[in-house]
Amino acid sequence: MGVLPWVAWYGFRRHSAYPLSALAEATANVAFGFIRAFVLIALWNARPSLGGYDATDAVTFCFLTQALIGPVQIFGGLELTRRIRDGDVAVDLHRPVDLQGWWLADDLARAAATLLLRGGPPLVAGALAFPLRLPGPGALAAFGVALLLAVLVSFGLRYLVALAVFWVHDDRGLSSAALVMGMFFSGMIVPLVAFPGWLGEAARALPWAALIQVPADVFLGKRTGADLLAALGFQAAWAVALLGAGRAVTAAVRRRLVIHGG
C-alpha cells in the first residue's frame, strides 16, 4: 500500500475521534436548518414554483445543505494554512510525498468522517418534521458522484487559498472573502435558482455552484439524462482546473518559502 492511503486512513481516524463533538455540531446544523426551512417556506409561499422548485424541493434543499456543510467544508479552511503561517510547511515540503496529494488524501478522509457523523441528523430531523423529496437508487448513486466532485472542488478552492499565504503571510482577509463568496455563490444561503437574471447565470457558472447547488439538484432529481451528465461534467471541469492550478502553484511555492524569525 502506498503512503497516501495510509494518510487517508489515519486522517479518517483523526477526524472521527470525537463523535460527541460531531453530534453537537450536527445538532447546531439541525437548529439552523429549521430556521432556514421556515424562511424558505415563506419565500416559496409568496413565489410558488420559483426557479422550478416547489416548497417541498426548497425544504429538502435546506436540510440537505445543512447535511453537506461539513463534508464540503463551507465554513473552514485547511490546516495547511496554519502550517504555512508558522513555517511548519518546511517539514511538509521535505517529505518524499507530494504536498497536494498528502492534503487531498487527508481532506477526503475528513469529508468521509464528517458525512458519516454529521450528515444524517439534519436529513432525519427534516424528514420527521416535513415531507421531503428523497431520491431513488439511481439518483442517489448520481448524488454520490456529485458529492465526491463537490469535495474535490472544495479542496481545490481551499488549497489555493492556503497557498496564497506564501505571498500574503496573513490569510484572515482572504479567508473571510473566500467564506463570503462560498456561502453566497454555492447556494448555502438561498438556492441559486432563486437568483434573478444575469446574477443567477453568473452564480451557476462559478465553481462554488459545484459545492451545494449541483449536488442538491442531482439529489432532487432536477438533473437527469444529458442534463445530469452536463452537471457532473461542470463539476469535473472545475475540479480538474482547480487541482491543476494548485499543482502549478505548489511548484512555485517551493521557491517562495519564508519562515518568519529564521
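I counted as a salt bridge a side-chain nitrogen of Lys or Arg within 4 Å of a carboxyl oxygen of Asp or Glu. The model is predicted, so local features need pLDDT of at least 70, side-chain atom pairs count only at pLDDT 80 or more, and totals for chains, interfaces and linings use all residues. Residues are numbered from 1 along each chain as its sequence is written, and side-chain values use heavy atoms, with hydrogens and water left out.

I then checked accessibility (buried is under 20% relative accessible area, exposed over 50%, partly exposed in between; 1.4 Å probe, protein chains only). Asp88 is partly exposed at 29%, and Arg82 is partly exposed at 32%. Shared partners join Arg14, Glu79, Arg82, Asp86, Asp88 and Asp106 into one network of salt bridges.

**Other salt bridges**

I searched the whole structure and got 16 salt bridges. In one of them, the side chains of Asp106 and Arg14 meet at 2.7 Å, N to O. Asp106 sits in helix α6 (residues 99-118) and Arg14 in helix α1 (residues 3-15), so I noted a link between distant parts of the chain, 92 residues apart. Helices here are DSSP runs (H or I, at least four residues), numbered from the N terminus. Asp106 is buried at 10% relative accessible area, whereas Arg14 is partly exposed at 42%.

I also looked up Asp57, which forms a salt bridge with Lys222, the closest N and O atoms being 2.8 Å apart. Asp57 is in helix α3 and Lys222 in the loop between α12 (213-219) and α13 (225-253), so the pair ties together parts 165 residues apart in sequence. Asp57 is buried at 2% relative accessibility; Lys222 is partly exposed at 32%.

**Helices α2 and α3**

I took the axes as lines fitted to C-alpha atoms over the stretch in contact, with angles from 0 to 180 degrees between N-to-C directions. Helix α2 (residues 19-46) and helix α3 (residues 55-72) pack at about 155 degrees, their axes 9 Å apart.

I listed the contacts (heavy atoms within 4.5 Å). Among them, Phe32, Leu40 and Trp44 are on the α2 side, and Val59, Phe63 and Ile69 on the α3 side. The contact residues divide into 14 nonpolar, four polar and one charged.

Definitions and conventions:
Helices (H or I, at least four residues) and strands (E, at least two) are DSSP runs, numbered from the N terminus. Ala, Val, Leu, Ile, Met, Phe, Trp, Tyr, Cys and Pro count as nonpolar, Asp, Glu, Lys and Arg as charged, and the others, Gly among them, as polar.
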